[in-house]
Amino acid sequence: MRIAAGLIVAGAVSLWASGAAWSQASAAKGAAAAPAAKGAAAVPTAAAAPQAAPAPAPIPAAVQQPVRPPCTNPNALGVARTVEIDTTGGPGFGFEHFKQLDFLRDKEVVLTFDDGPWPVNTPSVLKTLAEECTTGIFFSIGKHATYYPEILKQVYAAGHTVGTHTWSHAALTNKKLTEQQRKDEIEKGLSAVKWALGGISPAPFFRFPALQHPPEMVTYLGERNIAMFSCDLDSFDFKASKPQQVIDVTMKKLDKLGKGIILMHDFHKHTAEALPALLRKLKEGGYKVVAMRAKAPVKTLPQYDEELVKDAKLPTISSRPVSSVVQTISE
Ligand SMILES: [Zn+2]
């Protein structure tokens, strides 16, 4: 039943090479042979055979992303399957607001993390995901990306999907904002994340702050071919007073729904602290993680890219790594 639903929405969600150590690069080569993915524990049961779906146009080179390292944890949660999203027309995901695209099968979850990058907590989330050989979508705030570009680069380098979450986390339903200011929030957020990634465009995946969806901005994102992400279940981690609460709220809601896109915050300490135990619970409960990737990166608008670079508070863009700029010559 779920597979049929998946086929119906194939215009927006296509399934391709599954496996624990998926690789955009492998998929781009279109090899019929399975990628050399040997990650334990996440080998899917149904999708081992080559997909019957006709191969679409090759994936643009720009989508290629670093491959997650091979999994060394035989009991890891892993990644059960990877879906590729065609964001043309701005599809919406997450049943709290968008009810058209029911692509998750029973017991499947998508992990999403908002409001980063942030010191300590985002690296902690990355470490936990690496230990469990799994992945998520990071909806980064533009300003935070400019504060901590090196942390966002780590998110990307680890093979996770990077989306955006406005420039300053302004509520776009705020009547005091003009339509232009709302668009600026969206566009500057995209350009800031691109800047932080050293010029690599993020996925056209966007989440509205506080899940507030002004209709005219939903339309605008559709015109910009940017997918919108609400959620199926909110962990309410920002309200939690201790990590256990994050786990309890999430598992209770998930056990009721049976699947879903989970909203969390890598920005929050309790979430980072709760994540190791939460991922264990998911594994014990038979839940499987689905990775969501974009078919093509977002197209940022040049004027916002230029504005970011001109901003006096930002350092000059340099693609050179720290090690080539700063060297310890005595200590
Ligand atoms: Zn947020």
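This is a predicted model: local features need pLDDT of at least 70, side-chain atom pairs count only at pLDDT 80 or more; totals for chains, interfaces and linings use all residues.

Student: How many helices and strands does the protein chain have?

Tutor: The chain has 331 residues, of which 47% count as buried. Among contacts between residues at least 6 apart in sequence, 82% join residues at least 24 apart. The secondary structure comprises 11 helices and 11 strands.

Student: How many residues of strand β11 are buried?
Tutor: Strand β11 spans residues 288–294. On one side stand K288, V290, M292 and A294, and on the other V289, A291 and R293; both faces are covered.

Student: Which residue of β11 stands opposite V83?
Tutor: Strand β2, residues 81–85, is joined to β11 by five bridges, and the two strands run parallel. Within this pairing, T82 has A291 as its bridge partner. The residue opposite V83 is M292.

Student: Are the residues of β2 buried or exposed?
Tutor: From β2, R81, V83 and I85 point one way, while T82 and E84 point the other way. Residues on both sides are covered. All five of the five residues in β2 are buried.

Student: How many bridges join β4 to β11?
Tutor: Strand β4 covers residues 108–114 and runs parallel to β11. In this pairing, E108 stands opposite K288. The number of bridges is two.

Student: What covers the buried residues of α9?
Tutor: The buried residues of α9 include H270, A274, L275, L278 and L282. An α-helix has 3.6 residues a turn, so residues three or four places apart point the same way. The elements covering the buried residues of α9 include β4, α3, α8 and β10.

Student: Why does F208 count as buried?
Tutor: F208 is found in the loop between β7 and α7. Leaving aside residues up to four places away in sequence, F208 touches L172 and H213; its C-alpha atom is separated by 8.2 Å from that of H169, 39 residues apart along the chain. F208 counts as buried because its C-beta neighbours inside 10 Å number 23.

Student: What is the omega of the peptide bond from G116 to P117?
Tutor: P117 lies in the loop between β4 and α3. Most peptide bonds are trans. The bond from G116 to P117, however, is cis, with omega near -5°.

Student: What is the phi of K107?
Tutor: K107 has its place in the loop between β3 and β4, and counts as partly exposed because it has 15 C-beta neighbours inside 10 Å. Most residues other than glycine have a negative phi. The phi of K107 is positive, near 75°.

Student: Does V120 count as buried or exposed?
Tutor: V120 is found in the loop between β4 and α3. Although V120 is not a glycine, it has a positive phi of about 65°. With 10 C-beta neighbours inside 10 Å, V120 counts as exposed.

How values were computed
Residues are numbered from 1 along each chain as its sequence is written. Helices (H or I, at least four residues) and strands (E, at least two) are DSSP runs, numbered from the N terminus. A residue is buried if 20 or more other C-beta atoms lie within 10 Å of its own, exposed if 12 or fewer, and partly exposed in between; C-beta atoms are placed from the backbone. Two residues are in contact if their C-beta atoms, placed from the backbone, lie within 7 Å. Two strands pair if DSSP finds at least two bridges between them.
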